[in-house]
Amino acid sequence: MKAARYSTSRQKACNSCSAAKAKCDRKAGRCTRPINVDDISNRWLHPYIPVIGQKVKQYPPTITSLIYRLLKSYVAVAVRGRGVPPFIHASQVMSTSTSPPLSTCLSLIRICENPLPGSEGVAADVLGREMSNLYEQYAAYDNVTQLAAFQAYMIYSMVLFFRLAQISGPYLRQAMMNLQQLACSSSRGGLMCIAEQQHARPKWEAWIVAEAKRRTLYAMYLFDSVLSTQDGLQTFLGTELQGLPAPTSKHLWRAQTRQEWETSYNIYLADWLEEALRIDELWPMPADLDESGRLERRNRVDTWLENVDEFGTMIYAVTSCTHGAPEEPYSIFDKRQKALIILVVSTAATFSGFASNIYFPALPTIAHDLDISVELVNLTVTSYLIFQGLAPSLWGPISDVRGRRVAYCCTFLVFLAACVGLAEAKNYATLIILRCLQSTGSASTIAIGSGVIGDITTRAERGGFMGIFQAGLLVPVAVGPVIGGALAGSLGWRAIFWFLTIYSGVFLIFLIILLPETLRSIVANGSRTPSSPIASYPLRVYQKLTTIQWNPEAPNSQPAARKRIDVTGPLRILVSKHAAPIIIFLAIYYAVWQMSITAMSSLFEERYGLTETQIGLTFIANGAGSMIGTLITGKILDIDYRRVKAQHEARSTQTNVGLSNGLVRPATNSEDSFPLEKARLRLVPVFSFVQCLSIILFGWTIQYPEHIHIVVPIVSTFITGWTAVSTQSVVMTYLVDIFSDRSAAASASLNLARCLFAAGGTSFIMPMVNSIGVGLAFTVCVIVQAVALLGVAVQWKFGPKWRRETERAEREKTQG
């Protein structure tokens, strides 16, 4: 366990030692007691006085039998003089160095090898007197002798139970209370070497004491479980041991000489480049752990199992059979429930596009009705785009902390109020202010929806769901202008905003009824029901109806750590080196796409003489290409991800085979790092190349309308929509993958960049077309797109390294 970064100015002890009022090794820069050892001495109270947060261990009967028989075998080996239990190091029983408590114990228990019938009580009295002497003299012992006394008392207690049939009774219960007190006192002398925490090689003698203490502790906890089961009491997960190293390699534990141990330890440090496996990594996986975290933990456990001894194997067997089968699902929502959730959030995402695209056909009418110029009305479009980029930076972090349902309800209430105000607007000032407010309410639905998808899906299925989500939010691109033109032409421009008012009001009711809270810091994998009424409904209904098997009492159903609202989070993601290259790339391609859409109306009217109605119909091709493209791309993403994952797992298997054949493990853990960039981004250059061709085709065909039929540029808009949205879907999925705990903030950062780039690009596309010609203007755009591909190259080459560095720094910050 990595030590905390304590302040060196005033704090005299670490947090655990301060709470325990214990002396601390803080002067050495690290605490050798990374846990609160007083919790060990109070463990016997747990069945009688419940502790907040304690978790019951549901041992299967076969596991209880396994623990019983293995501990009994440890006793038999010691009683017969054929060896020592695996929590006693060989150097502790060498004739020249054996501590008196341990040497006396190993000699005294020999009287129990073949006790005469009826003499068990006499032998128990002899052992009992020696145990009383140990307990009375314990405080006077030094650290090494205290360990020997703790181990001796442990062996005496096990002999009484397994060999002398002292199965129950007040004496054995008192003995266990004393044993836990001895364990606590011994642990105060240190459970980890300072060098272990600094990932360096400690002194052999110090390491032996620390490792033997930990092993004896683990054996005592197993013995306590056996006795509690015998007495019909519940046993509890030893959360007070969280952070201690798991039993170490057999090569270290069985080394006969200092040189042999030092050589083995150097290899051990090369295998474990960071911290060694912790005992709590054998417990249930936290529900908030994402797919990459789960894969990393499995790989760490596999590496540990390669060299573990029989004691470690027994610990793994107990924990894996108790906690590992079945493993709690990443999300308890089944396929039908996920489909319903995706449908709801996809529909929610349509509001941003509807509010934007449905407005375009009414611009001349609004200008005439309010007696203002078209240029001033166009400023409402610019302001809408600006707030469309800025608003998710507020609502995204809120949804990442306070919950998705709360954020959705707030945004739709803002949108609903703005639509009512716009429908009744009497002047230009009211119009532009309420358009900004409307954008604030609608634009964030995309960021929040991306967060919901990140909550309920794994990487393997996320691409397909993200494709469906993207298709939903692009529906307004195709049908928005048609609906807006029809409403403005028949009922007036105010009918557009009354339509949006009714649409948003009805949808808000459905959202409250159908959308459960999904934020993992509140509901974990969906299995935890929060106390808040807003967050608990309709989650309870989903929990009752899901077909996914899950355990309501599972320890890993606890939520992830709550975070504070960080409105600067999207901006930091935007400027972070492991996200900025790909975000800037997409922002440029999105801007060029929007520039071509913006120019369509004027160019088709000027070059082909189309009416307003005909121009509205030409947008259908772009919208259809966007929707069809993202649906197909989502499926391709899932297939491509599974292919890369299969290749990665095959290479990992080959590596393990090589290791088993004696090959040296390279001093790197890159084989355990999933190639996420390869799985997600390798299709981006293909989409980029096709989009560049379609933009060139669009520009130069409109340049010569007398020679080329209008069908050609319309088809090019279909291709542009397909490729642009496919690229956007790929990058959005990638960002949700690498920022799974801040998925809404990641989406907000992408939205901020693309909207600002689009606002700038659309403002100068027509002046550029008028000055250098449409073909040349879009050729310049394609050149900029080609240069932007450098961002993908940088992300591909350096992204994995930067991502791992960031993940490592965040883990150290969390642990420190």
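Author: Helix α14 passes helix α20 in a left-handed crossing, a term for a near helix turned anticlockwise from the far one by less than a right angle, clockwise being right-handed. Helices here are DSSP runs (H or I, at least four residues; strands are E, at least two), numbered from the N terminus. This is a predicted model, in which local features need pLDDT of at least 70 and side-chain atom pairs count only at pLDDT 80 or more, while totals for chains, interfaces and linings use all residues. Residues are numbered from 1 along each chain as its sequence is written, and side-chain values use heavy atoms, with hydrogens and water left out.

The axes of α14 and α20 are 8 Å apart, at an angle of about 165 degrees. Axes are lines fitted to C-alpha atoms, for helices over the stretch in contact, and the angles run from 0 to 180 degrees between N-to-C directions. α14 and α20 are therefore roughly antiparallel (over 145 degrees; under 35 is roughly parallel, 65 to 115 roughly perpendicular, the rest oblique). Helix α20 (residues 444–456) also packs with helix α18 (residues 404–423), again at an angle of about 165 degrees, with the axes 10 Å apart. α18 and α20 are therefore roughly antiparallel to each other, and their crossing is left-handed.

Now the rings. Rings of Phe, Tyr and Trp (its six-membered ring) pair if their centres lie within 6.5 Å; planes under 30 degrees apart are stacked, over 60 edge-to-face, and the rest tilted. By this rule there are 24 aromatic pairs. One of them is the tilted pair of Tyr265 and Tyr268, with 5.2 Å from centre to centre and 55 degrees between the planes. These two tyrosines are three residues apart in helix α11 (residues 258–271), so about one helical turn separates them. Both Tyr265 and Tyr268 are buried (under 20% relative accessible area; exposed is over 50%, partly exposed in between, with a 1.4 Å probe and protein chains only).

Phe354 and Tyr503 form an edge-to-face pair, because their planes stand at 85 degrees, with the ring centres 5.8 Å apart. This pair links distant parts of the chain, 149 residues apart: Phe354 is in α14 (residues 335–357) and Tyr503 in helix α22 (residues 494–514). Phe354 is buried, at 7% relative accessible area, whereas Tyr503 is partly exposed, at 22%. Both belong to a cluster linked by ring pairs, together with Phe351, Tyr408, Phe412, Phe415, Phe499 and Phe507.

As for α22 itself, its 21 residues should span 30 Å at 1.5 Å a residue, and its end C-alpha atoms are 30 Å apart, which agrees; the expected span is 1.5 Å times one less than the number of residues. The buried residues of α22 include Phe497, Leu500, Phe507, Leu508 and Leu511.

Two rings have a charge over the face (NZ of Lys or CZ of Arg within 6 Å of the ring centre and within 35 degrees of the ring normal). Arg754 lies over Tyr590, at 5.0 Å from the ring centre, and Lys797 lies over Phe798, at 5.6 Å.
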